[in-house]
Amino acid sequence: MLTQRLLSVAMGLATSACGTMHCHTGSLSDVVAVKGVVERFRVAIVERDKPGYMNLFFSDKPEEVGWQAVVDDERLRSIQENRPQAIKARRIPTNNFVALIDGAVSSAAAAEERISNVCVTTDGEVASAVFDYAYVSAGQATNRGSEHWQLVRTEGGWKIYSVIHSIRNP
C-alpha cells in the first residue's frame with residue numbers, strides 16, 4: 001500500500017513543472033524512480049524509519065557519502081555572535097546523513113523535511129535531484145534552503161551518493 005502511494009506521488013511529481021519551468025530530463029521511468037527516492041527520504045524522516053532511510057544511500061558509512069552544508073550570510077552572522085570563528089562551509093565529520101536520521105529518531109519532537117519544487121536530470125545511470133526544503137521540528141520550521149543530490153543507479157536501484165545543501169533561517 002505504501003509503495004503504491006509513493007509511486008502515485010512520484011508519478012504526479014514527475015509530470016509536474018518546477019516553478020514555471022519544466023526541468024526534468026531523462027526517461028519518465030528514471031525521473032519517477034529518482035523522485036521516489038526523494039519521497040522515501042521524506043517519509044523515512046517522518047516515520048523515523050532508520051533502516052529504510054539508510055537503504056537510500058550508496059553506503060552506510062558517513063565517510064563514503066558526500067554531505068556538505070553552507071549557511072547563508074544572515075545565518076552566518078547570527079552564528080558568529082557566539083562563535084566568531086564560524087565560516088560558511090566548514091566540513092564537520094559529525095554532521096552527516098546518519099546524524100540527521102539519528103537526530104530525528106531520538107528526538108521527542110516530530111521531525112519532517114518538507115520538500116517542494118523537485119527537479120531531476122538523468123541519463124539513466126547518474127542523476128541529480130534539486131529541490132527546496134524546510135526542516136520542521138515540533139511543528140516549527142528550524143531552517144530552510146535548497147538541496148542538491150547526486151545519485152547513481154546501482155543493481156539495488158537509485159542511491160544517494162552526495163548531498164549539498166544551503167541553510168537559511170526559516
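At 22% relative accessibility, Glu 112 counts as partly exposed, a class that lies between buried (under 20% relative accessible area) and exposed (over 50%), computed with a 1.4 Å probe on protein chains only. The model is predicted, so local features need pLDDT of at least 70 and side-chain atom pairs count only at pLDDT 80 or more, while totals for chains, interfaces and linings use all residues. Residues are numbered from 1 along each chain as its sequence is written, and side-chain values use heavy atoms, with hydrogens and water left out.

Glu 112 and Arg 42 meet through their side chains in a salt bridge, at 3.9 Å from N to O; the term denotes a side-chain nitrogen of Lys or Arg within 4 Å of a carboxyl oxygen of Asp or Glu. Glu 112 belongs to strand β2 and Arg 42 to helix α2, 70 residues apart, and the pair thus links distant parts of the chain. Helices (H or I, at least four residues) and strands (E, at least two) are DSSP runs numbered from the N terminus. Arg 42 is buried, with a relative accessible area of 18%. Both residues take part in a network of salt bridges that also links Glu 39 and Arg 114.

The whole structure contains seven salt bridges. In one of them, Asp 102 pairs with Lys 50, the closest N and O atoms being 2.7 Å apart. Because Asp 102 lies in helix α5 and Lys 50 in helix α3, this pair ties together parts that are 52 residues apart in sequence. Asp 102 is partly exposed at 31%, and Lys 50 is partly exposed at 30%. Another salt bridge joins the side chains of Asp 73 and Lys 88 (2.9 Å, N to O). Here Asp 73 lies in helix α4 and Lys 88 in the loop between α4 and α5, so parts 15 residues apart in sequence are tied together.

Five strands form an open sheet of mixed pairing, in the order β1-β5-β4-β3-β2; two strands pair if DSSP finds at least two bridges between them. β1 and β2 stand at the edges with a single partner strand each, so one side of each has no neighbour in the sheet. The twist averages 25° from one strand to the next. β2 and β3 are antiparallel and share 10 bridges; Thr 121 has Ser 128 in β3 as its bridge partner.

The largest nonpolar core has 36 residues, and those with the most contacts inside it are Phe 41, Ile 45, Tyr 53, Phe 57, Trp 149, Leu 151 and Ile 160. Such a core is a set of buried Ala, Val, Leu, Ile, Met, Phe, Trp, Tyr and Cys residues joined through side-chain atoms within 4.5 Å. The largest share, seven residues, comes from α2. Of the 20 residues of α2, 14 are buried. Just after this helix, Arg 48 takes a positive phi of about 55°.

Leu 151, in strand β4 (residues 140-154), is buried, with a relative accessible area of 1%. Beyond four places in sequence, Leu 151 touches residues including Val 34, Val 37, Trp 158 and Ile 160, contact meaning heavy atoms within 4.5 Å. The C-alpha atoms of Leu 151 and Val 126 are separated by 5.7 Å, although the residues are 25 apart along the chain. With the same exclusion of sequence neighbours within four places, Phe 41 is in contact with residues including Tyr 53, Phe 57, Trp 149 and Ile 160.

Definitions and conventions:
Axes fitted to C-alpha atoms, helices over the stretch in contact; angles between N-to-C directions.
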